[in-house]
Every structure is written in structure tokens, then in C-alpha cells.
Amino acid sequence: MKRRSRHESILTTLTIIATVLLSLPVLASAPPNPALSKSAVTLERSDQVISSQARSYIASQGTGDVAVWVYFTDKGLRSGSVLVGSAAALPLTDRARARRAKVGMDEPVFADVPVNTSYISGVESVGATTRRSSRFLNAVSVNIAPDKLDALAALPYVRAITPMARFKKEYPQSEMIRPDAPEAGQSPDALNYGNAAQQLGQINVPAVHNKGYDGSGVTLAIFDTGYRKTHEAFANAYLEGRVLAEWDFIFNDGNVANEGVDDPSQWNHGTGCLAVAAGLKDGTMYGPAYKANIIMCKTEDVRSETPVEEDNWVAALEFVDSIGADVITSSLGYSDWYTYADYDGNTATITLAANTAAGLGIVHCNSMGNAGPGAGTLSAPADAFDMIAVGAVSSTGTIASFSSRGPTADGRMKPEVCARGVSTYWATPSGNTTYGSANGTSLSTPLVAGAACLIIQAHPTWPPALVRLALMETASKATSPDNTYGWGIINTDAALSWGASFNSDIQVGVAPLTVLFTDVSTVPATSVEWDFGDGNLSTDANPSHTYLTPGLYDVSLVRQTTYGPLSGERTNYILVHADSVKFGTDSAYAGQNGMVPISLTNTQPIPSMTLSFAVDSVDVKVIIDSILLGSRTSYFEATNYLQWQPDLGRFAIQLVANVGGGSPALAPGSGEVLRVFYHPIETALGGFGSPFDTAFYLGTRTMLNSATANYEPIPVPGQVRTKYVKRSDMSLNNNVDITDLSMLISYLTTLAPVPVTIQAADFNASLEIDLSDLSGLIAYLTGAGDPPVNP
């Protein structure tokens, strides 16, 4: 067999990724990104190196130096020259190479080549002071006097000049909360989430922790204000050596804690957000990715006189890429000189850098912003194509009024997803053991980033596009996304099993039950295997399977893909039953009492049921006197009469096993569940019956409510009858003779014995027993008259 080359493998991976992107309306394709080219690139100079919009903004800033980005046409390499093996490209760490391999980018790309130093010297020669250089953007950020901009723009290798966007962030105020005491009686292996339980439960993180995923081996980078590194929520990370790197991009040193010139509140926001994503203090605080590796970047200066400038953020992006970050959480939104039209995913500087990071295999989560509720209130880089922009909801799942809304300027829906951003529990830096709560999309974002770490741990071969899709397509509004919630509140456990999705044309039915299964997965597969739960398998794409035996069946689908096997399982998905409700048959003499049972045969435990039935008085008028619980349901705690229409013969009764008393569900079995007491009216004729059967009346039908499904049992109709009586046969010997005459005379004179029914003594069918019946009977027995009226 021919072995595929490494180049062919990369091409195959990229082809499949492209197929996924093009097949999904939720993922608009980003324009080609020259930074991801595997050969050197030369771009044309802009028609206006400094746009009129940029000039207008710069002029509004006064006469002092301005901060601008200077973009270059190339990096001093021959256009088209291959970068693999080139000494011009920066070396990749093993961690970064492994992450990039997931998107076919494990060899050097144009973004790995440093900015040409001679170009930087040329920029400085016209009077600019270099702040930072960006290999992702092939640009430098500089401070320069406005009157020197034209000279800078005249340099032949300068492609464009744009103002440095700045953003002064309003940081949330934290409400101090004393940690709850640890719960008593817990399993020694159980995680005690403390006050973080609600925010984690809302996004279904505990279920993923219970499966053994905690972020181990995944690297989370955070861009924020700074961090109280001695806080107890981070002690485990330092103890286990999981803090891989720290860098202060404000003062360009390795200390991400507060420094002497920092505002005292500098580390507030970063301390809290890191704890939300990856903190660990049992009984008090857990982040979703509480065992992840951590890279701390201090990028935001909170001093009132210093707006946050985007070149620190871009520098941090390149820093964590080189180390091998898998996930980034950041909470900045840049606006400044940008207009809404610039939020198109391909204009703002910070957005372009974010697009490159995603193309290199990094899952990037960024806050949507706190400028809601108006439409289009997002900012950069939330508009990036492959960004997971995160909105904020309350504990009840309601969108926060402040949460920014989409769409992007080019019409894409935003945010992607939501998580708790109202009264979110976090660590506070006023001490090493202090905690509080705060509001903002900057609180919901680290929750989603931590969840992304869990998904990567479970699926280490998934590229960012699949992680993003998994979170979106399993979120609470995935079927009806909008520009308020995006695809909704994430469900981390559901996202974990995303990638193999299926449905069926029927989930509940009577054996034998034929079910058509349909694979609705997004990612292309090379092969599939279905397990129907009854011992049968199939490799058909969309198989039909017949269940022969009643039971509750799990169904699973395993799909082989380029990213490895993707599996999905639906537990208790197909319910095949032979359950029946049998309406009994009984007979009674007219005017006398009878009892007819309703019996149930069930194969599943039934905690509640509704029995809707009718006695149709077609030939016999039947009166229902009372209805009592049967032998199988005598312990049920509630009997609710949903319909009681005795004149119409219509009844619906709900039986509930447990309403607080702890009674168990009705176990599988067979026997009576109701006893229906009745009597035919006194004048009813013997030998006739009325149907006794299930009925749909006023929206109510017979229904069994199991833990997994609500379904209708097979109805077996019965009948309520009057016992046969021959007219004038008071002795009930099926003959009309002298004995009947004697009994009739006795009844008319002494009122005894009483006829079993009126019909038994009513010779002439007048509905009364009187002397006319006696004379008629005598005439008949002596041969002088006609026989009794029939019937």
C-alpha cells in the first residue's frame, strides 16, 4: 500500500477543514490571510497609506505624539520563497508545533518570520519611536509626531498607517462574599464547588468533571490586568508547576502581580477572571479547567490616565502562540477610532491578529462587551471570524441588559454563546482567601474558555473550528440563534459528545418497531458504525432497524474522521413496548351494582399515568358510582380527576405515585390500576352492553409517563353489560311458568320476593309491575293470551 506523504496528509486535513467550514451556515469563511502563507508574501501599498478616516482621527488628538501602526509590504524575503527550513522563520516549540498540527500549520508560516529590522530602522529614521513589532501583522507600533506622518508614509515599504486603537475599560465592582463552609458527608472524591456551583452547573461542567476531565495537559492563556499570584485559588497550579509562563506587557518584565507604580486595583480583574476559568480551592472555588496549564499575561493598565492600547494585546497573542497556548481568554473590546463598519472581521488590527491566532490552532474566547442592549454594540476583536464571542446571562438564563449584541458589520450573528455573567462568583485580591461576585461579559468569557479546555482535553485532535462548533451547536438556542444570545448558553457535557449526531423518525412504539436512523453530523466521516442497543450493529450511513423485543434501548454512533473517532450516544433513546391498558368486561342486573377493572401491563417503571376512558351508553344506560385505586396502585399518593362527566360517560383520572411521600414508581408488571363501580339503570333491558374503552376527550388521552418517555399503551376495550333476564321469568330458570305466577302474586300482595329486575316481572313492558302484568301472565299460562313482550 502506498504511504501518504506528510504533504499529502496536511492537504487532506486542510481539505476536510475547508469542507466543514463551507458546509455550515454558522461559520462564514474568513478572507485569505497572508500571515498563514507557507511562503513569503509581498502586498501592494494602499492607495491611501493613511486613510482620510485615520487622518481625521489623528488630527483630533492634538499636536503631541500619536500612537500608530505601521504596516509593511513584505519582510525582506523574495515573494513566494518557501519558508520550511528557512533560517528567517522563528523556531517553534514542541507544544506550539503539536497544536498547529491540528490545522496543518506545523511548519513555519509567514507569521513566524520577524519584521524586517531594516524597515524598523527606516521608520525610526524619520522620527518614530518603536513601541512593539508584530510578526503576525508584519507591522510595528510607534509613537510619532503628526507632522512626520507624511514622511513615514512615503517610505516605499510602508503599506498602510492606522491609529493605535485604545480602550478605557470600566471594571466591575466586586461584592465581597464569605465562602460557604464545606458540605458535610461528601464522598472524599467529590468536588465541593462552593459558591461556584451554580455558574458551573448552568453550563453542565460538573458532569464533565465526573467523567474525569479537568483541563489536564491543556494550556490556557489569560490576557488581563494582573494577578494576585499568592491567592489560594492558584496555589495548586504553582505547586504542581502548571504555571508555564508569566509576562507583564505594561512594564515588560516577568512580574504579573502588582508593582510599585501600579494602581492598587490593578490586579483585581485578572485575579477574578483567572479563578473563574481555572481556580481551585475545594469547598470554595473551582473553574471548569482547574487542572489546566496557565500562561498569565498582564496586558491592561488600569491607571486612569492610561487607556489600554492594543499593541500590548497583540504582543501577548504572539507570546502565547510561541509557547503553545491552546485556549485564550480575554475581556477587552477596542473601539476608539473604529466605526461600526470596521467590525467586519477583517479590518480592526486586533481582529486581524485574532484571525491569525485562530488559523494557527488557538481557541480564542473574548467578551462580547458591556455596551448592550442595542443592536451592533459589539467591538473588536469579538467580530473576528473564528472568535468565540461570549455574552452574559443571569442565574435564570436571562440575557443581561448590558451584554453587547450583534450582528457584525458584514451581517454575521454574534455572540457565539453565553454563560453566567451576572453575580458570577470569583476570587478577589484583597487577601489570599477572599472572594466575591461581579457582573460583566468578562466574567462569562473565562467560564466558556475553561469549558473549551475540557473539550480539547477530551478531543486533543480537534482544531478550533470544531471546538467552536461543538459549543455552539449544543448550546441552548442552537436551533434558533439570534444576535442577543447567539447560539445560547453552552452545555459542556453535550459539547463533549458533539460530532456524532443523529435522529430517528420514531422513538416510541409497539414491538415489532421499525426505526429509520439518520446521521445528521457535521464533520465528514470515512466510515460509521451504529449500535442499536439490542445486540445488532450496522455500518450503513442511515440504517433502518427493527426492534423485535420490548425494552428501552441506548443507541450509539461512532464515526471515523480525520480528527479521530467521534462518538455520540443517546441513552434510553428507543422505547419499544407491548404495554397495554385493558378495560375489563362485567355484567350486572339492571339497577344493581357492578365493578369493572382497568388493568395495566407495563414494561417500564411508571411514576404517573393518565387514564382517559368512556362508557358509551348505546344500548344500556350505565351510571358510574365511584372509581377507586386498584390493587397495583393502592399506594399511589395522588388521584387527580381531570375530567368527570358522568352524564356523558367521560372520565379522565391522573394517578401519581409520589407527591412528596417517597412512594416508588409502579414497577413493571400486570394487574388492575383502577376499579370502576357502576350500575345499569333499573329499567335497562338484560343481555345488552355498552362499550368501555379509552377515549380522547377535551385534550386528554390515556398516557403512561415513564422517566424516559410519555407514551400511549395499547388499548384493549371492554364492555359493561346487563345480565340477561327473560321477561316475566322471576324465578330466573329461563322459563315462564307457574312458579313465576306464584312469585308475582306474592310480590303484588306482600312486596316479596322482589324481582331481580323490573323486566323479570313486567309482562307487558310498561316499565311498571302491576295487576296488568298479572292478568297478562295468567292469560298466557292458560293459553288465552299472547306470550310476554320481547324483549
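**View 1. Helices H15 and H16 pack side by side in this predicted model.** Helix H15 (residues 738-750) packs with helix H16 (residues 771-781) at an angle of about 160°, and their axes are 10 Å apart. Here axes are lines fitted to C-alpha atoms, for helices over the stretch in contact, and angles run from 0 to 180 degrees between N-to-C directions. H15 and H16 are therefore roughly antiparallel to each other, a label for angles over 145 degrees. In the crossing, H15 passes H16 in a left-handed sense; that is, the near helix is turned anticlockwise from the far one by less than a right angle. On the H15 side, the contact (heavy atoms within 4.5 Å) involves Ile738, Asp740, Leu741, Leu744, Ile745 and Leu748. H16 contributes Leu771, Asp773, Leu774, Leu777, Ile778 and Leu781. By class, this contact has 10 nonpolar, no polar and two charged residues. Ala, Val, Leu, Ile, Met, Phe, Trp, Tyr, Cys and Pro count as nonpolar, Asp, Glu, Lys and Arg as charged, and the others, Gly among them, as polar. Helices (H or I, at least four residues) and strands (E, at least two) are DSSP runs, numbered from the N terminus.

View 2. Leu751 has a positive phi of about 65° although it is not a glycine. With 58% relative accessibility, Leu751 counts as exposed. For these labels, buried means under 20% relative accessible area, exposed over 50%, and partly exposed in between (1.4 Å probe, protein chains only).

**View 3. Trp69 sits in strand S1 (residues 66-72).** Trp69 is buried, at a relative accessible area of 1%. Its side chain and that of Glu310 are joined by a polar contact of 3.0 Å. Such a contact is a pair of N or O atoms within 3.5 Å; within protein, one must be able to donate a hydrogen and the other to accept it, and residues adjacent in sequence count only if both atoms are side-chain atoms. Ala139 is 70 residues from Trp69 along the chain, yet their C-alpha atoms are separated by 6.5 Å.

**A note on the model.** Residues are numbered from 1 along each chain as its sequence is written, and side-chain values use heavy atoms, with hydrogens and water left out. In this predicted model, local features need pLDDT of at least 70 and side-chain atom pairs count only at pLDDT 80 or more, while totals for chains, interfaces and linings use all residues.

Notes
Angles under 35 degrees count as roughly parallel, over 145 as roughly antiparallel, 65 to 115 as roughly perpendicular and the rest as oblique.
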